[in-house]
Amino acid sequence: MSATTDKYAFGMIGLGVMGRSLLLNMADHGFAVAGHDKDAGKVSSLNEEAGDRKAKGFGDVKEFILSLTTPRAIMMLVPAGKIVDAVIEELTPLLDKGDILIDGGNSHFTDTNRRVEELEAIGLHFFGMGVSGGEEGARKGPSMMPGGDKQAYNVMKPIFEAIAAKVDGVPCVTYIGPGASGHFVKMVHNGIEYGIMQLLAETYEIMKKGLKLDNDAIGKIFAEWNEGRLQSFLLDITKDIFKFKAPGTDHLLLDDIKDEARAKGTGKWTSQSAMDLQAPIPTVDTAVSMRDMSKYKALRTQAAAIYSTADHQAIEGNAEELIAALEQAFYFTMIISYAQGMHMLSNASTEYKYEFKLDEIAKIWRGGCIIRSKFLENIYGAYGKDQSLAHLLLDGDVAALVEGTLPGIRKVVASAVNAGIAMPAYAASLGYFDAFRSERMPSNLTQAQRDYFGAHTYELIGKEGTFHTQWVPKS
């Protein structure tokens with residue numbers, strides 16, 4: 001197909017909030033861009049918002065394709081799954097060999113692997129790219145995680161570096177690695193996001209039920225924490241939520257929102273993939289489970305009527321000391337969330353030959369993305385000075401931070417348990433740490449049990465080989 005109007009250097013399929021915002025971001029940086037959507041309203045929105053910028057929306061896909069310079073560069077921002085395949089099926093007959101197709105959605109990395117092979121076979125360059133930052137990030141500067149066809153990425157590099165968030169002048173985008181590595185890293189990013197969001201919810205829970213604080217006091221604590229070492233995007237938006245009252249009301253909108261959390265599946269994918277990699281991430285696993293638990297509102301209501309919640313007692317003690325302990329505890333659990341995610345990435349790098357540079361991943365997460373935080377500077381520093389670091393918790397500087405928070409996490413978890421307040425992600429984080437630092441775990445008993453009932457064998461300390469025992473005499 002030959003182009004009839006070579007006006008636009010980049011095309012976007014999907015003009016929802018994210019797609020439209022990214023295009024306008026590109027146009028702000030001087031790039032001529034085009035967008036396509038089947039929804040005429042979304043096409044009109046782009047054209048209206050574009051103003052004098054060189055950006056145009058098309059309702060007709062063929063007209064859209066013809067408007068792009070060749071070789072064409074097209075990004076899809078559509079829901080993961082069958083819709084991505086449907087868009088690819090519609091596009092491929094209209095494209096020429098050498099054109100570039102980018103999946104910027106939250107596709108499962110196994111789907112990306114398949115699409116790489118299928119599109120490579122017909123001469124198209126394809127790569128998956130995780131994009132984080134939400135609407136504001138897309139418009140003002142996201143964090144982007146491209147992986148796959150490096151030649152194609154290098155063509156797109158000037159555009160992506162221009163529109164990415166900047167930290168110390170450095171763009172928050174880098175080539176991640178081969179295959180589906182970009183989408184894999186975005187999946188783990190989202191798993192960490194699940195973990196930290198659950199930890200914030202549990203922090204809110206203990207302040208409300210255990211410390212008996214009102215919304216104003218809770219909001220002030222979150223705001224104060226966000227000025228210190230806990231500074232992060234998720235904490236920043238949480239403090240804003242504790243200020244917002246719907247127009248015409250005298251109370252927080254938060255108090256009117258149902259306690260039923262939804263999910264799009266990326267947290268679940270992280271847990272499933274971690275189990276395949278034998279990379280323990282119990283904080284993320286717990287966060288996924290608690291979102292699922294929240295959906296059983298009717299069952300929880302029935303259970304509340306049977307099992308008294310009168311034991312939701314106030315936690316006794318000096319309020320200032322308890323809040324200081326809670327700050328330590330949240331910092332501890334946040335560190336553990338990141339540590340679990342980075343360990344998972346390390347395992348995946350070996351298993352899938354992704355060749356991850358963990359310092360570079362931490363670097364591009366420092367700005368633009370949902371999990372950006374002050375602590376990512378520590379992670380960047382840890383992997384920067386030792387790129388073969390096997391686990392974040394083995395870094396000396398990180399270990400010192402963890403040691404300093406242990407009194408707080410132990411006090412908070414014990415107090416919550418005694419008060420009958422659920423803090424499963426806090427408890428899972430502490431349990432993970434205590435198991436991680438155990439030179440000898442009780443897993444020898446597990447192996448003995450497996451051998452007893454299933455003749456699965458076991459290994460002995462200081463002796464080569466595998467062994468089986470007849471644990472009771474045969475009758």
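**First selection: Tyr194**

Select Tyr194, which counts as buried because its relative accessibility is 5% (buried is under 20% relative accessible area, exposed over 50%, partly exposed in between, with a 1.4 Å probe and protein chains only). This is a predicted model, in which local features need pLDDT of at least 70 and side-chain atom pairs count only at pLDDT 80 or more, while totals for chains, interfaces and linings use all residues. Residues are numbered from 1 along each chain as its sequence is written, and side-chain values use heavy atoms, with hydrogens and water left out.

Tyr194 lies in helix H8, residues 181-210 (helices are DSSP runs of H or I with at least four residues, numbered from the N terminus). Beyond its neighbours within four places in sequence, Tyr194 has contacts that include Lys264, Ala287 and Arg291 (contact means heavy atoms within 4.5 Å).

**Next: Lys264**

Is Lys264 buried or exposed? At 82% relative accessibility, Lys264 counts as exposed. Lys264 sits in the loop between helix H10 (233-241) and helix H11 (266-277).

**Then: the annotated positions**

An unreviewed UniProt entry places the feature "binding site" at residues including Asn106, Asn190, Tyr194, Lys264, Arg291 and His456. The annotated positions span 351 residues of sequence and are also spread in space, up to 48.6 Å between C-alpha atoms.

**Finally: colour by confidence**

The protein has an average pLDDT of 93, and 98% of the residues score at least 70 (pLDDT is the predictor's confidence in each residue, from 0 to 100). Confidence is lowest in helix H6 (residues 134-140), at a mean of 88, and highest in helix H18 (residues 424-436), at 98.

Conventions
UniProt positions renumbered as here; feature names shortened; annotations may be inferred. Helix = DSSP H or I, 4+ residues; strand = E, 2+ residues; numbered from the N terminus.
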